[in-house]
Amino acid sequence: MEDPKIHIRLLMIALQHHDIFDLESPNADTVLPKGSAFSFIKAVHAVNQRLLSHNSSESLGFEVILIAKECSEETKVKIVESVKHYGMEICKFYFCKKDELIETLQSNNVKLFLSTDSDDIYKALHANVPAAVLYDQTGVSDQLKLIISGDIIGLSEDSLESLADFGFSEAQIKTFKSAKICMKEFAVLIGEMRRRFGRENSPLRTCLITAWGSRNVCLSALKTLRGWGLDVDEAFCMAGAPCSPILALVKPHILWDGGLHNLTDVPAQL
């Protein structure tokens, strides 16, 4: 019988089928080839295993759901069979229409929606659903790596409004504000999870980067995250310099940019 004192808090992450599997491969027969999200799923599994190895009654962990839009019955069968074949820890499958994506995310209380599709990320953020870029990572890593953009988190409400002077539209600024608000719950859970591990040999690595914000913006972002309970492992203040060397070094699975979608080509420093 489940202990009523134990409150299970699952950090629900949603992925799309075209990121988990390579649907364009000519060899996509019964079992679909692995896609860009495969390394992420393996890393998530490693974090969950370490959490349970520290405490068998651990109440915090990741849970991954798969969302597939506009799939044929044949593709649905291939997706389910391929998940079984690779032994992926995916708890639920949702097959929906294209215009039902946001509703599916909201109804499942998704804490983070990951995608390689910038349009889907923008729509999710605009609807107050935490969303981030599923970064293209080669190979399989047992360490789950997350980069958070401090350019949005480190700006005050008034500073976000001033982004109009840098060419950002009213709709984009609204999305930035929404992204900052809905990032908090995810950051709180990640921070709590990160504290389960020591600084050395942790299966979870968190980094902060400011692409165009000043040093003060970076410091403000650090303070905000710490106020949310997330003390990042590393911080990089690029102040307009290219971010690509840092991205190539860290090779993150998750790139939360608050709706910017491009950390390598940004406006001048604030």
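**View 1. Ser-82 and the residues that Ser-82 touches.** Leaving aside residues up to four places away in sequence, Ser-82 touches Phe-21, Thr-30, Val-31 and Leu-32 (a contact means heavy atoms within 4.5 Å). Ser-82 sits in helix 3, residues 73–86; helices here are DSSP runs of H or I with at least four residues, strands are runs of E with at least two, and both are numbered from the N terminus. Ser-82 counts as buried because its relative accessibility is 0%, where buried means under 20% relative accessible area, exposed over 50% and partly exposed in between, with a 1.4 Å probe and protein chains only.

This is a predicted model, in which local features need pLDDT of at least 70, side-chain atom pairs count only at pLDDT 80 or more, and totals for chains, interfaces and linings use all residues. Residues are numbered from 1 along each chain as its sequence is written, and side-chain values use heavy atoms, with hydrogens and water left out.

**View 2. Leu-163, in a loop between two helices.** Look for Leu-163 between helix 7 (157–161) and helix 8.

**View 3. The largest pocket and its lining.** The volume of the largest pocket is about 170 Å³. A pocket is an open set of points on a 1 Å grid over the protein atoms alone, where a 1.4 Å probe fits, with protein on both sides within 12 Å along at least five of seven lines; lining residues have an atom within 4 Å of a point. Grid points are joined across faces, edges and corners, and the volume is the space filled by probe spheres set on them. Helix 4 (101–107) and helix 8 (170–194) each give at least two residues to this lining, and helix 8 has the largest share, with 4 residues. Among the lining residues are Leu-105, Gln-106, Ile-181, Cys-182, Glu-185 and Phe-186. By type, the lining has 7 nonpolar, 3 polar and 2 charged residues (Ala, Val, Leu, Ile, Met, Phe, Trp, Tyr, Cys and Pro are nonpolar; Asp, Glu, Lys and Arg are charged; the others, Gly among them, are polar).

**View 4. The chain around these close-ups.** The chain has 10 helices and 9 strands, and its C-alpha trace spans about 50 × 40 × 35 Å along its principal axes. Buried residues account for 51% of its 270 residues.
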